[in-house]
Amino acid sequence: MAAAKHIAQRCRAENVAFIKCKKKDANPEKCLDKGRQVTSCVLNLLKELHQKCPKEMDAYAGCMNYYTNEFDLCRKEQEAFEKASLLSK
């Protein structure tokens, strides 16, 4: 949840391609490649975030976990994470 905004921005094309594939064909095998592309994009992004700002990301993710994903209770941690990640633009 802490990286959701970044995933939406960075992996948008892969997610859109996967959703279009799923709408076109309900057979799960037909979209495995598109699903792998989404997974690869997200994993690469998470690795990048953990290299760039591990302390801020862990603090934000920990806050979100503690408060059951209540964004409003973690705004301070969110701001620090987004500032450190430089991906929010």
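Q: Why is glutamate 82 called buried?
A: This is a predicted model, and in it glutamate 82 has a relative accessible area of 16%. Buried means under 20%, so glutamate 82 counts as buried.

Q: What makes glutamate 82 and lysine 5 a salt bridge?
A: The closest N and O atoms of glutamate 82 and lysine 5 are 3.0 Å apart. A salt bridge needs a side-chain nitrogen of Lys or Arg within 4 Å of a carboxyl oxygen of Asp or Glu, so this pair qualifies.

Q: Which parts does that pair tie together?
A: Glutamate 82 lies in helix H5 and lysine 5 in helix H1 (residues 4–10), so the bridge ties together parts that are 77 residues apart in sequence.

Q: Why does lysine 5 count as partly exposed?
A: The relative accessibility of lysine 5 is 39%. Buried is under 20% and exposed is over 50%, with partly exposed in between, so lysine 5 is partly exposed.

Q: How do you know that glutamine 78 is buried?
A: Glutamine 78, which lies in helix H5, has 11% relative accessibility. The limit for buried is under 20%, so glutamine 78 counts as buried.

Q: What is glutamine 78 in contact with, leaving aside its neighbours within four places in sequence?
A: Glutamine 78 is in contact with Lys5 and Tyr60. Here contact means heavy atoms within 4.5 Å.

Q: What makes glutamate 48 and arginine 10 a salt bridge?
A: Their side chains meet at 2.9 Å, N to O. The cut-off is within 4 Å, so glutamate 48 and arginine 10 form a salt bridge. This pair links distant parts of the chain, with glutamate 48 in helix H3 and arginine 10 in helix H1, 38 residues apart. Arg10 and Glu48 are also linked with Lys52 in a network of salt bridges.

Q: Why do glutamate 48 and arginine 10 count as partly exposed?
A: Glutamate 48 has 24% relative accessibility, and arginine 10 has a relative accessible area of 36%.

Q: Why is H3 called roughly perpendicular to H4?
A: The axes of helix H3 (residues 32–52) and H4 come within 5 Å and cross at roughly 110°. Angles of 65 to 115 degrees count as roughly perpendicular, so that is the term for H3 and H4. The contact involves Leu46, Leu49, His50, Gln51 and Lys52 of H3, and Pro54, Met57 and Asp58 of H4.

Q: Why is leucine 73 called exposed?
A: Leucine 73 has a relative accessible area of 51%. Exposed means over 50%, so leucine 73 counts as exposed. Leucine 73 is found in the loop between helix H4 (54–66) and helix H5 (75–85).

Q: Why does aspartate 72 count as exposed, and arginine 75 as partly exposed?
A: Aspartate 72 has 59% relative accessibility, while arginine 75 has 40%. Exposed is over 50%, and partly exposed lies between that and the buried limit of 20%, so aspartate 72 is exposed and arginine 75 is partly exposed. Arginine 75 forms a salt bridge with aspartate 72, with the closest N and O atoms 3.0 Å apart.

Technical notes. Residues numbered from 1 in each chain as written. Predicted model: local features only at pLDDT ≥ 70, side-chain atom pairs only at ≥ 80, totals over all residues. Heavy atoms only, no water. Helix = DSSP H or I, 4+ residues; strand = E, 2+ residues; numbered from the N terminus. Buried < 20%, exposed > 50% of the residue type's maximum accessible area, 1.4 Å probe, protein only. Axes fitted to C-alpha atoms, helices over the stretch in contact; angles between N-to-C directions. Parallel < 35°, antiparallel > 145°, perpendicular 65-115°, else oblique.
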